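Me: I have a structure open and I'm new to it. Could you walk me through how to read its features?

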Amino acid sequence: ATKKAEADLTAVLDYFYEEAVLANPESRTGLGLDKGEHAGAKRQLQDRSLAGLKKEQDINRVGFERMKKIDRNALTPSSRAGYDAFHYLFTGTIGAYDQFAYGTFSWPEPYSVHQLGGTYRSIPDFLHTQHSIATKEDADAYLSRVAAFAKELDHETERLKAEYAIGVIPPTFVIDRTLGQMDGMLAQKPSETMLVTSIDSRTKEKKIAGDWAARTTALVAKEVHPALKRQRDVLASIRPKTTDQAGVWRLPKGEEYYKYALRYATTTSMSAEEVHKMGLDQMAELSARADKLLKGQGMTQGTVGER
């Protein structure tokens with residue numbers, strides 16, 4: 001029984017690794033596994049469309065169903081720990097797929113695009129820091145990814161429209177800061193963007209002949225900036241419906257979403273009030289200990305923080 005359970009668990013973990021990790025071309029690049037027979041992945045980006053998200057969710061559902069059929073008690077202690085970690089993770093995330101029509105595509109983050117995250121921020125950085133350029137093929141692959149960047153911006157914009165349609169709208173300050181960043185990017189000359197300067201400097205350094213800067217500049221001007229402008233306009237169009245209230249309580253099933261996020265981040269079923277009280281109790285205890293130490297140093301005046 002142990003042998004079968006171990007083999008079944010290995011097969012499920014392999015399935016997750018192949019279908020969820022290796023099937024994502026950005027993960028492949030991050031792991032350095034976009035070479036040889038898998039070099040095609042280096043030309044692609046992750047599918048950020050609603051259909052792409054559903055496909056990812058379905059992979060997780062299939063894997064979890066397979067996992068639930070494994071006899072946990074037949075596993076070795078170390079395998080049981082792995083089983084429990086995955087079981088915990090997927091109980092939360094798959095439960096969230098069924099409950100919420102937003103904010104479940106990675107970790108609990110209700111908005112697809114905001115001032116701290118979104119494709120507009122992540123992909124230029126990814127191409128600069130993770131897409132290696134040593135050969136002409138690598139530079140060609142970079143160009144393919146710049147074109148894919150424009151396409152994935154549009155995919156994400158469709159997701160934004162779907163979020164906004166069900167009332168998942170960021171607060172005003174988030175929209176304003178995001179628009180400010182996007183406007184700053186759109187104000188740059190295409191030839192001066194990091195997308196261009198990165199490939200230009202790196203192909204020159206490796207002495208890879210070709211008009212890489214000019215070709216990338218054309219892609220930024222004709223495809224990337226227009227796609228970013230389309231996304232920017234969707235954000236601007238929702239601004240009149242925003243408020244300064246930032247809490248997720250105002251979103252669909254917001255109270256439940258907060259509980260999901262809290263459980264995901266803390267692995268506990270404690271309520272927000274209980275977690276907050278624990279923080280206050282910890283502060284009081286630590287401050288009392290610090291107070292004693294400071295008094296021992298002859299420092300008696302003012303608050304612990306002031307001392």
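Me: Let's start with one residue. Where is T267 found?

Reply: T267 sits in the loop between α10 and α11, the latter being residues 272-296. Before we go on, keep in mind that this is a predicted model.

Me: What is the phi of T267?

Reply: T267 has a positive phi of about 60 degrees although it is not a glycine. Another residue to look at is K253, with a phi near 50 degrees, again a positive value in a residue other than glycine. K253 is placed in the loop between α9 and α10.

Me: Okay, zooming out. How many helices and strands does the protein chain have?

Reply: Eleven helices and zero strands. If you read from the N terminus on, the elements run α-α-α-α-α-α-α-α-α-α-α. The radius of gyration of the chain is 24 Å, well over the 19 Å that the globule rule gives for 307 residues, so the chain is more spread out than a compact globule.

Me: What does the C-alpha trace span along its principal axes?

Reply: About 65 × 65 × 50 Å. As for burial, 39% of the 307 residues count as buried.

Me: How do I read one side of a helix? Which residues of α5 are buried?

Reply: The general idea first: an α-helix has 3.6 residues a turn, so residues three or four places apart point the same way. Now the case here. The buried residues in α5 are T119, Y120, I123, P124, F126 and L127. They cover an arc of only 160 degrees around the axis, which puts them on the same side of α5.

Me: What covers those buried residues of α5?

Reply: The cover includes α2, α6, α7 (172-187), α8 (194-205) and α9 (212-238). Take Y120, which is in α5, as an example. Y120 has a relative accessible area of 1%, so it is buried. Leaving aside neighbours within four places in sequence, Y120 is in contact with a list of residues that includes F149, L153, E156, T178, M182 and L228.

Me: How do I compare distance in sequence with distance in space? How far apart are Y120 and T135?

Reply: Count the places along the chain, then look at the C-alpha to C-alpha distance. Y120 and T135 are 15 residues apart in sequence and 26 Å apart in space. Then try Y258 and P108: 150 residues apart in sequence, and 8.8 Å apart in space.

Me: Where do Y258 and D244 lie?

Reply: Y258 lies in helix α10, residues 254-266, while D244 is found in the loop between α9 and α10. Y258 is partly exposed, with a relative accessible area of 44%. D244 is exposed, at 63%. Not counting residues up to four places away in sequence, Y258 touches V248 and A272, and D244 touches P171, T172 and F173.

Me: Last topic, pockets. What volume does the largest pocket have?

Reply: The general idea is that rolling a probe the size of a water molecule over the atoms shows where empty space is left. Here, the largest pocket has a volume of about 1100 Å³. Its lining has 44 residues, and N24, Q46, E56, F105 and S106 lie nearest the centre.

Me: Which helix gives the most to that lining?

Reply: That's α3, with seven residues. The helices that each supply at least two lining residues are α1 (2-22), α2 (25-31), α3 (50-68), α4 (77-99), α5 (119-129) and α6 (136-165). By class, the lining has 18 nonpolar, 16 polar and ten charged residues.

Note on methods
Residues are numbered from 1 along each chain as its sequence is written. This is a predicted model: local features need pLDDT of at least 70, side-chain atom pairs count only at pLDDT 80 or more; totals for chains, interfaces and linings use all residues. Side-chain values use heavy atoms; hydrogens and water are left out. On a 1 Å grid over the protein atoms alone, a cavity is a set of points where a 1.4 Å probe fits but cannot get out, and a pocket is an open set with protein on both sides within 12 Å along at least five of seven lines; lining residues have an atom within 4 Å of a point. Grid points are joined across faces, edges and corners, and a volume is the space filled by probe spheres set on the points. Helices (H or I, at least four residues) and strands (E, at least two) are DSSP runs, numbered from the N terminus. Ala, Val, Leu, Ile, Met, Phe, Trp, Tyr, Cys and Pro count as nonpolar, Asp, Glu, Lys and Arg as charged, and the others, Gly among them, as polar. Buried means under 20% relative accessible area, exposed over 50%, partly exposed in between (1.4 Å probe, protein chains only). The arc is that of the directions from the helix axis to the C-beta atoms. Contact means heavy atoms within 4.5 Å. The radius of gyration is taken over C-alpha atoms; the globule rule is 2.2 Å times the number of residues to the power 0.38.
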